[in-house]
Amino acid sequence: MIKPIYGVMAEFDNPTALVNAARAAREKGYRKLDAYTPFPIEELSDALHLHKNKLPLIVLFGGILGGLTGYLLQYYVTVVYFPINIAGRPLHSWPAYIIITFELTILFAAISAVLGLLALCGLPMPYHPAFNVPRFALASRNRFFLCIEATDPLFDREQTCGFLETLEPREVSEVAH
Amino acid sequence: MADDQEVIEQPAPKEIIAPGYTFGTVTDQIATVVLTKRTPWFWFGGFAVGFGLLLLFLLAVAVLFVRGVGIWGLRTPVMWAFDITNFVWWIGIGHAGTLISAILLLLNQRWRNSINRFAEAMTLFAVACAGMFPLLHLGRPWLFYWLFPYPNTMGVQPNFRSPLVWDVFAVSTYATVSLLFWYVGLMPDLATLRDRTHSRFARFVYGIMAMGWRGSARHWSVYETASLLLAGIATPLVLSVHTVVSFDFTIAILPGWHSTFFPPYFVAGAIYSGFAMVLALAIPLRAVYGLEGLITDQHLDNSAKVMLATGLIVGYAYILEAFTAWYSGNVYEQAVMWNRMTGPYRYHYWSLVFCNIVAPNVLWFKRVRSKPALLFLSSIVVLIGMWLERFVIIVSSLAQDNLPSSWRVFEPTRWDWSTYFGTIGLFLFLFFLFIRLLPMISIFEVRTLLPQAKVGEEAQG
C-alpha cells in the first residue's frame with residue numbers, strides 16, 4: 001500500500017517559467033493548483049484566476065463598525081451617561097465628535113484588514129505539507145514552485161509527475177503529508 | 001496625415017537599485033546582517049550610547065515618580081514646556097515613516113521599497129518616545145488609563161470635546177495602525193529568516209512570528225489587497241494625526257496658538273523633520289553595512305528633495321504667521337509675534353529661522369545632495385531647527401501671556417534635559433535592537449525591483 005501524498009511540486013528558476021507552467025497546468029484542466037514564490041507576481045494571480053477576494057468587504061464593515069462605535073460611544077457618554085451642562089450649550093455637540101469617530105473608523109478598519117488577511121490565508125498555520133520538500137526553503141529566497149494537489153480530480157501520481165516534467169522544471173518532487 | 005505623427009518613445013524606466021543583484025544575493029545581503037554571529041563595532045557603539053541614555057531616562061523617570069513634575073522647570077504661567085515640545089517633535093519624526101510606507105505606495109513610487117522598513121520602525125519608536133511625555137506629565141502617570149472611557153466606580157468619563165482626549169485617540173490609533181502595517185510587511189521576511197537561519201532557537205522564534213507564511217500565490221493575492229487597503233487607511237490617518245496634535249494649540253485661545261493654518265503647517269513640519277531623521281539614519285547605516293547598492297544615492301537625493309519641498313512649505317508658514325499677526329490688527333497677536341522675534345526667546349527664534357528656512361536652501365544644489373556627509377549634516381540641522389520651532393511656539397506664547405504681571409521665562413532643569421536625551425536613548429536602544437534582530441530593508445519588496453522579477457513577454461498571454 002502506497003502512502004497517500006499531498007501533491008507533486010515542480011521547481012522553477014524564474015517567474016516567467018512559473019507563470020508559463022501555471023498557465024499550461026490550467027489549460028490541461030488542473031484546478032487544485034498553488035504556486036509558491038518569494039514575492040508577489042501579478043501575472044501569476046491572473047494565470048491562477050485569483051483576483052477576487054473578500055478582504056475589501058471585511059475592511060468596509062470594520063470601518064463602518066468603528067465609525068458607529070466612535071460616534072455612539074461619545075453620544076452615550078456626553079448625552080446620556082455623563083451629561084455636563086456648560087453654559088447651556090447643546091449636549092449633542094456633533095462637530096466635536098468627528099475626530100474620535102474618524103480615528104475609530106481607521107482603527108477598526110486597519111484591525112479588520114489584518115485579521116481578515118490572516119483569516120483568508122488560514123494563518124497562523126505552523127505546519128504545512130509543502131515544508132516537507134527539502135528544497136522548499138528556497139521558496140522564500142530565489143526559487144518558484146508550482147504544486148498540483150492530490151485532491152484534484154485529474155490527479156494521478158505518475159501522470160501528473162510526467163506532465164510537470166514536460167514543463168522543463170529544475171526538479172519535480174512529491175510532497176508528503 | 002496619420003503617417004506624419006511622430007512616435008515618441010517612452011524612455012526606459014531607470015533601475016532603482018544597483019545592477020548585478022539577483023534574488024539570491026539581495027536576500028543574502030540583507031538577511032546576513034541579522035543572521036551573522038559577528039556584530040560590527042558600530043553596532044556596539046551605537047547600542048552603548050542608546051543604552052546609556054536609556055538608563056539616564058529611567059533615572060529621570062524614577063526621580064519624577066518620587067518627587068513629581070516640580071523637578072521640571074514648570075512654573076506658572078509655563079505649565080508645559082519640554083514635555084509637549086518633545087511630544088510634538090517625536091510624533092512629527094514618526095510621520096515620514098508612514099508617508100514613505102503608505103502615501104508613496106499609493107503613488108507607485110517604487111524606490112520607497114528599500115527604505116520603507118526602517119522608516120516604519122523609526123515611526124514606531126518615535127511614537128513610543130512621544131507617548132512618554134504626556135504620560136509623564138500627567139502628575140500621576142500610573143493612572144494613565146483614566147484617559148480612556150471605561151466603566152468605572154467613580155462614575156466619570158473623559159470629556160470628548162477636549163483636544164487632549166482627541167490626542168489620546170489619535171496617537172493610540174496611529175501607534176496601533178503603524179504596528180500592524182509594519183508587522184504585515186515583515187511577515188514574508190520573517191519567513192525568509194526562518195528558512196535561512198541555522199540556529200534552532202532562531203528558527204522557532206522567526207517561525208512563530210512568520211505565522212507559517214509560505215509565499216503561496218493565494219496568500220500573495222490577498223496580501224497585496226491588504227497592503228493596498230492598509231496604505232489607503234494609513235494615508236488619511238497620517239495627515240490627521242498631526243492635525244489633531246495642532247488642535248491642542250489652535251483650540252486654545254492663546255495668542256500665537258489660535259490660528260487656522262496650524263494643521264497644514266504642523267503636517268508639513270512633521271514630514272520635514274521625519275525625512276531629516278530618515279536621512280540621519282540611512283546615511284550611517286548604508287555606509288556601515290555596505291548597503292549602497294540598495295539604498296542608493298538616488299534614494300538620498302529623493303529624500304533630500306522631499307525635505308527641501310516641505311521645508312519651503314514650513315518657511316512659507318513662518319512668513320504667513322508673521323503676516324497674519326500683523327494683518328489681524330489684534331494687538332495681542334502682534335505683541336506675541338514681536339516678543340518672539342525680539343523678546344527673551346529671540347535667540348531661539350532666529351536660530352530656528354536659520355535652521356529651517358535658510359540652511360536647507362543648500363539642498364537646491366545637486367552637488368550638496370550627492371554628498372552623504374553634507375546631507376547628514378543638513379538633516380541634523382533640520383532636526384535641531386524643528387525642535388526649536390516647537391519650543392518657541394509653545395513656550396514663548398505661554399511665558400508672555402495676556403497678563404504682564406505673571407510673565408516668567410522658562411528655565412529648563414537638568415531633569416528636563418535628562419528626560420529629553422533619555423528618550424533619544426530609548427529611540428536608539430530600540431532602533432539598534434531592530435537592526436540586529438529584524439531585516440532593516442524589506443527583502444521581498446526589493447526582489448520586486450530587480451529586472452529579473454518582470455515576467456517575460458511570452459508569458460503575458
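Helices (H or I, at least four residues) and strands (E, at least two) are DSSP runs, numbered from the N terminus. This is a predicted model, in which local features need pLDDT of at least 70 and side-chain atom pairs count only at pLDDT 80 or more, while totals for chains, interfaces and linings use all residues. Residues are numbered from 1 along each chain as its sequence is written, and chains are lettered from A and ligands numbered from 1 in the order in which they are written.

**View 1. Asp248(B) in helix H7 of chain B.** Asp248(B) is buried, as 22 other C-beta atoms lie within 10 Å. (A residue is buried if 20 or more other C-beta atoms lie within 10 Å of its own, exposed if 12 or fewer, and partly exposed in between; C-beta atoms are placed from the backbone.) Not counting residues up to four places away in sequence, Asp248(B) touches Pro163(B), Leu164(B) and Asp167(B). Contact here requires C-beta atoms, placed from the backbone, within 7 Å. Asp167(B) is 81 residues from Asp248(B) in sequence, yet the C-alpha atoms of the two are 7.8 Å apart.

**View 2. The contact of chain B with chain A.** Chain B gives 53 residues and chain A 58 residues. On the side of chain B that touches chain A, the elements with two or more residues are helix H1 (23-35), helix H5 (163-196), helix H7 (217-250) and helix H15 (443-447) of chain B. H7(B) gives the most to this side, with 16 residues. By class, this side of chain B has 27 nonpolar, 20 polar and six charged residues. (Ala, Val, Leu, Ile, Met, Phe, Trp, Tyr, Cys and Pro count as nonpolar, Asp, Glu, Lys and Arg as charged, and the others, Gly among them, as polar.)

**View 3. Helix H1 (residues 15-28) of chain A.** The 14 residues of this helix should span 20 Å at 1.5 Å a residue, and the end C-alpha atoms are 20 Å apart, which agrees. (The expected span is 1.5 Å times one less than the number of residues.) Among the buried residues of H1(A) are Leu18(A), Ala21(A), Ala22(A) and Ala25(A). The buried residues of H1(A) pack against strand S1 (5-12), strand S2 (33-36), helix H2 (42-47) and strand S3 (144-149) of chain A. Just after H1(A), Gly29(A) takes a positive phi of about 110 degrees.

**View 4. Surroundings of Leu146(A).** Leaving aside neighbours within four places in sequence, Leu146(A) is in contact with residues including Met9(A), Phe12(A), Leu18(A), Ala22(A) and Leu33(A).

How values were computed:
Contact = placed C-beta atoms within 7 Å.
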